[in-house]
Amino acid sequence: MEFSVAPMMDWTDRHCRYFHRILAPNMLLYTEMVTTGALIFGDKSRHLDFNKKEHPLALQLGGSSPEDLAKSAKFGEDWGYNEINLNCGCPSNRVQKGSFGACLMAEPDLVAACIKSMQDAVKIPVTVKCRIAIDDFEEEPFLYDFIKKISDIGCTTFIVHARKAWLKGLSPKENRDIPPLNYDLVFKLKEDFPNLSIHLNGGVTSRGIINSAYGKVDGIMIGREAYQNPWFLTEIENEFYGTPFPHEEVIIENMSKYLKNMLKTQTNLRPRNVTRHMTGLFKGAYGGKTWRQALSTLPESPDMIEKAYEAYLSKNSAAHNSPSA
Ligand SMILES: Cc1cc2nc3c(=O)[nH]c(=O)nc-3n(C[C@H](O)[C@H](O)[C@H](O)COP(=O)(O)O)c2cc1C
């Protein structure tokens, strides 16, 4: 069983992934979606650079032109990514205007052509992330038709967000919460396509949910819970890979070192570009609020992670030393 952290725009940038990698040495990490236009016409380094420690790492692409996707996949392979993933699940208006993301699910022949073109361009695996259906389409035949057409050209890994996407009427955020989850359909998909690697995504927020899906799919992708409560990643690592829990001092030291190094090499980087991904670190712990506040209010400086940690520790130890604690 494989575990991964989902692609999340504005969230899973390289700094976030570096932080997640400290917590989860074995999980596959995904980039934010990068459009083919951004890679072909934009600053490739800005979109593709990463720290070697982030491996294993998948690049998620957004696009619908087989030629542009092939070029972009090749950039990703040359940059050192381990996998290229095509976004067929994002319902935002901006993405729909570009005719990619979830609306691609209505065009499985085009997706098949895109995948084939990427597969011809690179040697690393090309995978698909999709929903169970879009709009009024009936879920099972729609999903099965999609998976069949794409797998027929040799794509073997599908990450399925177990919700429909409504392309009109719901915002992207609503589309992550309102359409009901249907894990059973994803489990059935695995049963009916046993040779494919099927990964479940959507609403996985506890070990209980993971245990209920264990053995019924090949992998589980965690999105918001990984970001908002990063200790969840250490629980997964510990239970499913046997990784010892990391010490919080080690995480702080490692991230402080990373921040200082990045500030030396990236002149326009602001410390909060890195620290903003760490606000959930002490979620639920006494002093967690002090940590969050310190990260958002301390003046930006290379040592702000240490300073925020000191603030957290003094709050946390005050609680432990008080007579009522
Ligand atoms: C802030 C945010 C940005 C997202 N950006 C992307 C994206 O770039 N590509 C993508 O395929 N899915 C994106 N998603 C969807 C997630 O990858 C995932 O499918 C969704 O959040 C459901 O999983 P979860 O319930 O574990 O969060 C995004 C989700 C969030 C919360």
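Biologist: How many bridges join strand E2 to strand E3, and what makes them a pair?

Modeller: 5 bridges join E2 (residues 28-35) to E3 (residues 57-62), and the two run parallel. Two strands pair if DSSP finds at least two bridges between them, so E2 and E3 count as paired. Within this pair, Tyr30 has Ala58 in E3 as its bridge partner. Before we go on: this is a predicted model, where local features need pLDDT of at least 70, side-chain atom pairs count only at pLDDT 80 or more, and totals for chains, interfaces and linings use all residues. Residues are numbered from 1 along each chain as its sequence is written, and side-chain values use heavy atoms, with hydrogens and water left out.

Biologist: What makes something a strand or a helix here?

Modeller: Both are DSSP runs, numbered from the N terminus: helices are H or I with at least four residues, strands are E with at least two.

Biologist: How do you know that E1 pairs with E2?

Modeller: 2 bridges join E1 to E2, in parallel, and at least two are asked for.

Biologist: In what order do the strands close into a barrel?

Modeller: The order is E1-E2-E3-E4-E5-E6-E7-E8, 8 strands with parallel pairing. From one strand to the next, the twist averages 30°.

Biologist: Why are H1 and H12 called roughly antiparallel?

Modeller: H1 and H12 (residues 248-265) pack at about 155°, with their axes 10 Å apart. Axes are lines fitted to C-alpha atoms, for helices over the stretch in contact, and angles run from 0 to 180 degrees between N-to-C directions. Angles under 35 degrees count as roughly parallel, over 145 as roughly antiparallel, 65 to 115 as roughly perpendicular and the rest as oblique. That makes H1 roughly antiparallel to H12.

Biologist: Which residues of H1 meet H12?

Modeller: Contact means heavy atoms within 4.5 Å. Arg14, His15, Tyr18, Phe19, Ile22 and Leu23 in H1 meet residues of H12, including Met255 and Tyr258.

Biologist: And what about H6 and H7: what is their angle?

Modeller: H6 (residues 108-121) packs against H7 at about 30°, with axes 9 Å apart. The two are therefore roughly parallel to each other. Among the H6 residues that meet H7 are Val111 and Ile115. H7 (residues 139-152) also lies across E4, E5 and E6, at about 160° to E5.

Biologist: Why is the meeting of Arg276 and Asp13 called a salt bridge?

Modeller: The N to O distance between their side chains is 3.4 Å. A salt bridge is a side-chain nitrogen of Lys or Arg within 4 Å of a carboxyl oxygen of Asp or Glu, so Arg276 and Asp13 qualify. Arg276 sits in the loop between H13 and H14, and Asp13 in the loop between E1 and H1, so the pair ties together parts that are 263 residues apart in sequence. The structure holds 17 salt bridges.

Biologist: What is the omega of the peptide bond from His55 to Pro56?

Modeller: Omega is near -5°, and the bond is cis. Pro56 lies in the loop between H3 (44-48) and E3. Elsewhere, Asp10, in the loop between E1 and H1, has phi near 70°, a positive value in a residue other than glycine. Most residues other than glycine have a negative phi, and most peptide bonds are trans.
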